[in-house]
Amino acid sequence: ERVETVRLTEIFRQAQQSLIVTNAHRVNRGELPQLRVQRETQSDFYFIEAEEPEKAVSLIRELVKRRLPRAFHLNPLDDIQVMTPMHRGTAGVANLNAELQGLLNANGKGLVRGGRLLQVNDKVM
């Protein structure tokens with residue numbers, strides 16, 4: 001409590017009934033996310049477990065490139081966001097960025113900064 005802190009509490013990008021919103025609030029309260037979804041409803045939140053990082057990356061590639069676009073009529077480059085809690089390792093930010101860039105945006109024009117290739121149409125945060 002030595003540094004001024006702001007906590008964002010309102011979510012604007014998803015509908016209030018969204019499981020993304022519900023689970024974001026649950027995690028912020030220190031609760032586990034709600035993982036079970038009724039079969040007859042289509043959800044915006046899915047939890048898919050993979051034991052090995054290599055399998056997780058392979059599954060992410062398949063979900064982003066084929067399964068999610070087909071199921072929800074999404075553009076994989078514009079409409080899908082992949083998040084990971086770690087920077088290093090097979091399932092970390094650096095490797096996933098490279099994997100997804102090669103999968104979705106391999107022909108973009110770009111430049112190298114800090115050892116990373118940044119291309120037109122890459123998502124940057």
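Is K55 buried or exposed? K55 is exposed, because its relative accessible area is 54%. For that scale, buried means under 20% relative accessible area, exposed over 50%, and partly exposed in between, with a 1.4 Å probe and protein chains only.

A word on the source. This is a predicted model, so local features need pLDDT of at least 70, side-chain atom pairs count only at pLDDT 80 or more, and totals for chains, interfaces and linings use all residues. Residues are numbered from 1 along each chain as its sequence is written, and side-chain values use heavy atoms, with hydrogens and water left out.

Back to K55. Its side chain meets that of E52 in a salt bridge, at 3.5 Å from N to O. By salt bridge I mean a side-chain nitrogen of Lys or Arg within 4 Å of a carboxyl oxygen of Asp or Glu. The general idea is simple: side chains of opposite charge can pair when their charged atoms come close. E52 has a relative accessible area of 36%, so E52 is partly exposed.

How many salt bridges does the structure hold? Five. Let me show you two others. E62 pairs with R66, and the closest N and O atoms are 3.2 Å apart. Both residues sit in helix α2, four residues apart, which is about one turn of the helix. Helices (H or I, at least four residues) and strands (E, at least two) are DSSP runs, numbered from the N terminus. E62 counts as partly exposed, because its relative accessibility is 28%. R66 is partly exposed too, at 42%. Elsewhere, salt bridges that share partners join R26, R29 and E31 into one network. Within it, R29 bridges to E31, with the closest N and O atoms 3.1 Å apart. R29 is exposed, at 54% relative accessible area. E31 is partly exposed, at 32%.

Next, the aromatic rings. How many aromatic pairs are there? The count comes to one. Y46 and F72 form that pair, and it is tilted: 6.2 Å centre to centre, with 50° between the planes. The rule takes rings of Phe, Tyr and Trp (its six-membered ring) with centres within 6.5 Å; planes under 30 degrees apart count as stacked, over 60 as edge-to-face, and the rest as tilted.

Why does this pair tie together separate parts of the chain? Y46 lies in the loop between α1 (19–28) and α2 (53–72), while F72 lies in helix α2, so the pair links parts that are 26 residues apart in sequence.

Leaving out residues up to four places away in sequence, F72 touches Q42, S43 and Y46. Contact here means heavy atoms within 4.5 Å. The C-alpha atoms of F72 and Q42 are 9.5 Å apart, and 30 residues separate the two along the chain.

Now N105. N105 sits in the loop between α4 (93–104) and β1. Buried or exposed? N105 counts as buried, because its relative accessibility is 7%. Its contacts, again leaving out residues up to four places away, are L77, L100, Q119, V120, N121 and D122.

Last stop, strand β1, residues 110–113, where L111 lies. L111 is partly exposed, at 41% relative accessibility. Together with L118 and V124, L111 forms a nonpolar patch on the surface, with about 280 Å² of accessible area.

Terms used
Patches are made of residues with over 30% relative accessible area and no salt bridge: like charges are joined within 9 Å, nonpolar side chains (Val, Leu, Ile, Met, Phe, Trp, Tyr) within 5 Å. Accessible areas come from the Shrake-Rupley method with a 1.4 Å probe; for residues, only the protein chains shown count as cover.
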